[in-house]
Amino acid sequence: MLKLKRSALQKMILQAERDYPYETCGLLLGKFQQDVRIAFGAYETPNAYPERKNDRYQIDPKDYLKAEQKAKEFGLEIVGVYHSHPDHPDRPSEFDRERAFEGFSYIILSVSKGKVVSYRSWELIDGEFREEPIDIFG
């Protein structure tokens with residue numbers, strides 16, 4: 001399960017709409033609490049997949065390290081990843097699955113004609129994505 005702070009969700013939505021028609025991405029900063037991930041913030045990262053930005057995303061390891069450092073400043077850690085699917089559903093692709101790690105939440109925002117129309121969170125379990133509930137707070 002993912003508990004997500006409303007301001008983090010709003011930041012992701014604004015970012016996804018701003019970057020349309022390209023995929024946008026970032027990391028969720030928060031805490032692990034048993035089988036629940038609590039995300040207090042969204043840390044924007046550039047899409048490091050320049051030749052396929054319309055249907056792929058990649059987070060540069062240097063940006064991942066910067067996010068880790070920022071999280072540590074606040075006593076947090078990276079608990080997940082988010083990205084958008086321009087003009088596609090909020091379901092993970094095979095490309096997404098191949099690059100995912102177990103233990104994280106993966107939010108996908110579906111953007112249609114420049115507006116976020118839906119979002120869902122997924123977790124990788126035994127190599128397969130399963131949708132997880134999102135509890136918005138704050």
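Guide: Contact, as used below, means heavy atoms within 4.5 Å. This is a predicted model, in which local features need pLDDT of at least 70 and side-chain atom pairs count only at pLDDT 80 or more, while totals for chains, interfaces and linings use all residues. Residues are numbered from 1 along each chain as its sequence is written, and side-chain values use heavy atoms, without hydrogens and water.

Visitor: Which residues is asparagine 47 in contact with, leaving aside its neighbours within four places in sequence?

Guide: Asparagine 47 sits in the loop between β3 (36–45) and α2 (61–73); helices (H or I, at least four residues) and strands (E, at least two) are DSSP runs numbered from the N terminus. With those neighbours set aside, its contacts are Glu23, Cys25, Lys53, Arg56, Tyr57 and Gln58.

Visitor: Is asparagine 47 buried or exposed?

Guide: Buried means under 20% relative accessible area and exposed over 50%, with partly exposed in between (1.4 Å probe, protein chains only). Asparagine 47 has 11% relative accessibility, so it counts as buried.

Visitor: How far is the side chain of asparagine 47 from the backbone nitrogen of tyrosine 49?

Guide: A polar atom of the asparagine 47 side chain lies 3.1 Å from the backbone oxygen of glutamate 23. The side chain also reaches the backbone nitrogen of tyrosine 49, at 2.9 Å.

Visitor: Which strand gives the most to the lining of the second largest pocket?

Guide: A pocket is an open set of points on a 1 Å grid over the protein atoms alone, where a 1.4 Å probe fits, with protein on both sides within 12 Å along at least five of seven lines; lining residues have an atom within 4 Å of a point. The second largest pocket is lined by 14 residues, and Glu23, Asp55, Arg56, His85 and Ser93 are the closest to its centre. Both β4 (77–86) and α3 (94–98) supply at least two residues of this lining. With three residues, the largest share comes from β4.

Visitor: Which residue in the hairpin of β6 and β7 takes a positive phi near 50 degrees?

Guide: β6 (residues 115–125) and β7 (residues 128–132) run antiparallel and are joined by five bridges, where pairing requires at least two bridges found by DSSP. Isoleucine 125 stands opposite glutamate 128 in β7. The hairpin has two residues between the strands, and the one with a positive phi near 50 degrees is aspartate 126.

Key
A polar contact is a pair of N or O atoms within 3.5 Å; within protein, one must be able to donate a hydrogen and the other to accept it, and residues adjacent in sequence count only if both atoms are side-chain atoms.
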